[in-house]
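I opened this structure to see how its chain is put together. These are my notes, in the order I looked things up.

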Amino acid sequence: MNVKNNKRKRESKERITKIFIELIQDKELSEISVTDICKKANLNRATFYANYLDIYDLADKVLDDLTQQVAELYQEDISQGYNSNDYLRLFKHMKDNQLFYKTCFKLGIGERPIIQYDVDAAKKYFGEKNIMYHAEFFRGGFNRIVKIWLENGCQESPEDMVEIIHSEYQGR
């Protein structure tokens, strides 16, 4: 495929994603149709289906994109096998990309962790017993705090949110 077609395909996918994110703010996923997206994006259905199987595949790709963006934030940590627990980086990214994160929560990001839980570090503080429950408790609480923050328009600073997480987690 030549460069011109690659650029056109990328631009089409960006338009589809942008329209989808706009629509999902006011509708449930099951209420959004390929036709809705194509009309608003001024694209034909064949273009949509050249990139996605259906609306649910598009939703999965949006969630995959979030997962990839967060992984990129921590790529240096990951490559060094180090967990910095640097939530400030994440909260700044969330504040800069509020609509994207709101969309992901609406699509069910709660079933996918935004952050990876460091089980080995937690074992140092809590031992082996019930670590699985502790991990789920932390993930659920973290996701809920983030969701409330986003729903309120990120009124607190990213620094304030890190302090909230640390106070709730007692700095561990």
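The model I am reading is a predicted one.

**Entry: the whole chain**

With that cut-off, I find that buried residues are 34% of the 172 residues in the chain. I looked up the secondary structure next and found 10 helices and 0 strands. Read along the sequence, the pattern is α-α-α-α-α-α-α-α-α-α. I then took the contacts in the chain with a separation of 6 or more, and 62% of them join residues 24 or more positions apart. The accessible surface of the chain is about 10800 Å², and carbon and sulfur atoms hold 49% of that surface.

Not counting residues up to four places away in sequence, Ile37 touches Ile16, Ile19, Phe20, Leu23, Ile32, Phe48, Ile55 and Leu58.

I looked up Ser12, which lies in helix 1. Its relative accessibility is 7%, so I count Ser12 as buried. Leaving aside neighbours within four places in sequence, I find Ser12 in contact with Leu43 and Thr47.

Phe100 sits in helix 7. Phe100 has 12% relative accessibility and therefore counts as buried. Leaving aside neighbours within four places in sequence, Phe100 is in contact with Ile21, Val62, Asp65, Leu66 and Gln69. I checked the pair Phe100 and Asp65: they are 35 residues apart in sequence, and their C-alpha atoms are 9.8 Å apart in space.

**Entry: helix 10**

I tested the length of helix 10 (residues 158-169). At 1.5 Å a residue, its 12 residues should span 16 Å, and the end C-alpha atoms are 16 Å apart, so the two agree. Which residues of helix 10 are buried? I found Pro158, Met161, Val162, Ile165 and Tyr169. They cover an arc of only 100° around the axis, so they are on the same side of helix 10. I looked up what they pack against: helix 6 (87-96), helix 8 (119-126) and helix 9 (131-151).

**Entry: loops and cysteines**

Most residues other than glycine have a negative phi. I noted Asn42, which is not a glycine and has a positive phi of about 55°. Asn42 is in the loop between helix 2 and helix 3 (45-51). At 66% relative accessibility, Asn42 counts as exposed.

Cys154 also is not a glycine, and it has a positive phi of about 55°. Cys154 is in the loop between helix 9 and helix 10. Is Cys154 buried or exposed? With a relative accessible area of 2%, Cys154 is buried. I looked up Cys38 as well, and at 5% relative accessibility Cys38 counts as buried. I found 0 disulfides in the structure.

Technical notes. Residues are numbered from 1 along each chain as its sequence is written. This is a predicted model: local features need pLDDT of at least 70, side-chain atom pairs count only at pLDDT 80 or more; totals for chains, interfaces and linings use all residues. Side-chain values use heavy atoms; hydrogens and water are left out. Helices (H or I, at least four residues) and strands (E, at least two) are DSSP runs, numbered from the N terminus. The expected span of a helix is 1.5 Å times one less than its number of residues. Buried means under 20% relative accessible area, exposed over 50%, partly exposed in between (1.4 Å probe, protein chains only). The arc is that of the directions from the helix axis to the C-beta atoms. Contact means heavy atoms within 4.5 Å. A disulfide is a pair of cysteine sulfur atoms within 2.5 Å. Accessible areas come from the Shrake-Rupley method with a 1.4 Å probe; for residues, only the protein chains shown count as cover.
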